[in-house]
Amino acid sequence: MPKNLPRPNQQGKAYTKEQRQEIIGSLKPYLTLGYDLKNACILAQVTYETVWEWVNKDNALLIKIKAWQNMVNAKARQNVAASINEGDTQESKWWLERKEKKTFSTRTDITSDGERLIPKPILDVQQDDSNS
């Protein structure tokens, strides 16, 4: 087991609070990369069933794990938003196509009789320099 984590209790003894915190802490690096709990347990070499039991009994632990798992999504959003704020038109188009699908989607719709509908154009988000 990495970092000398407490060994699984063979005699049915409960882990101490400190041991539980150490085990949960060993999952954080993997959870913050977006791994699900089962894979984080495999990578940290801890027993998934035991951790799952703890999570089912402790809503605060569940919230903590979910927060760790969503950190990578928050960072990705920050990166995309920073690119958009710096004027990256490709990122802006990508964002609009995914977040404002109804208006900016590039998909082609086909009617029930097989007729192809013309896709809606993507908004030209480049600034008009003539007004500057």
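Arg77, Val80, Ser83 and Ile84 in helix H4 meet Glu91, Ser92, Trp94, Trp95 and Lys99 in helix H5, where contact means heavy atoms within 4.5 Å. By class, this contact of H4 with H5 has 4 nonpolar, 2 polar and 3 charged residues. Ala, Val, Leu, Ile, Met, Phe, Trp, Tyr, Cys and Pro count as nonpolar, Asp, Glu, Lys and Arg as charged, and the others, Gly among them, as polar. The model is a predicted one, in which local features need pLDDT of at least 70 and side-chain atom pairs count only at pLDDT 80 or more, while totals for chains, interfaces and linings use all residues. Residues are numbered from 1 along each chain as its sequence is written, and side-chain values use heavy atoms, with hydrogens and water left out.

Two packed helices are described by the angle between their axes and the distance between the axes. The axes here are lines fitted to C-alpha atoms, for helices over the stretch in contact, and angles run from 0 to 180 degrees between N-to-C directions. The axes of H4 and H5 (residues 89–99) come within 8 Å and cross at roughly 125°. That makes H4 oblique to H5; angles under 35 degrees count as roughly parallel, over 145 as roughly antiparallel, 65 to 115 as roughly perpendicular and the rest as oblique.

Helices (H or I, at least four residues) and strands (E, at least two) are DSSP runs, numbered from the N terminus. Of the 132 residues, 20% are buried, where buried means under 20% relative accessible area, exposed over 50%, and partly exposed in between (1.4 Å probe, protein chains only). Among contacts between residues at least 6 apart in sequence, 37% join residues at least 24 apart.

H4 also packs against H1. The axes of H1 and H4 come within 9 Å and cross at roughly 25°. That makes H1 roughly parallel to H4. The crossing of H1 and H4 is right-handed; a crossing is left-handed if the near helix is turned anticlockwise from the far one by less than a right angle, and right-handed if clockwise. Arg20, Ile24, Lys28 and Leu31 in H1 meet Leu61, Ile65, Trp68 and Gln69 in H4. The residues of this contact divide into 5 nonpolar, 1 polar and 2 charged.

The next pair is H2 and H3. The axes of H2 (residues 37–44) and H3 (residues 48–57) come within 9 Å and cross at roughly 130°. That makes H2 oblique to H3, and their crossing is right-handed. From H2, the residues Leu37, Lys38 and Cys41 meet Tyr48, Val51, Trp52 and Val55 in H3. This contact divides into 6 nonpolar, no polar and 1 charged.

Which residues of H3 are buried? They are Val51, Trp54 and Val55. Seen down the axis of H3, these buried residues fall within an arc of 100°, so they line one face of the helix; the arc is that of the directions from the helix axis to the C-beta atoms. An α-helix has 3.6 residues a turn, so residues three or four places apart point the same way. On the other side of H3, Glu49, Asn56 and Lys57 are exposed. The buried residues of H3 pack against H1 (17–31), H2 and H4 (59–85).

Two single residues remain. Alanine 40 lies in H2 and is buried, with a relative accessible area of 0%. Leaving aside its neighbours within four places in sequence, alanine 40 is in contact with Leu27, Tyr30, Leu31 and Tyr35. Its C-alpha atom and that of serine 26, 14 residues apart along the chain, are separated by 8.8 Å.

Glutamine 45 is found in the loop between H2 and H3, where it is partly exposed, with a relative accessible area of 46%. Most residues other than glycine have a negative phi, and most peptide bonds are trans. Phi of glutamine 45 is near 60°, a positive value in a residue other than glycine.
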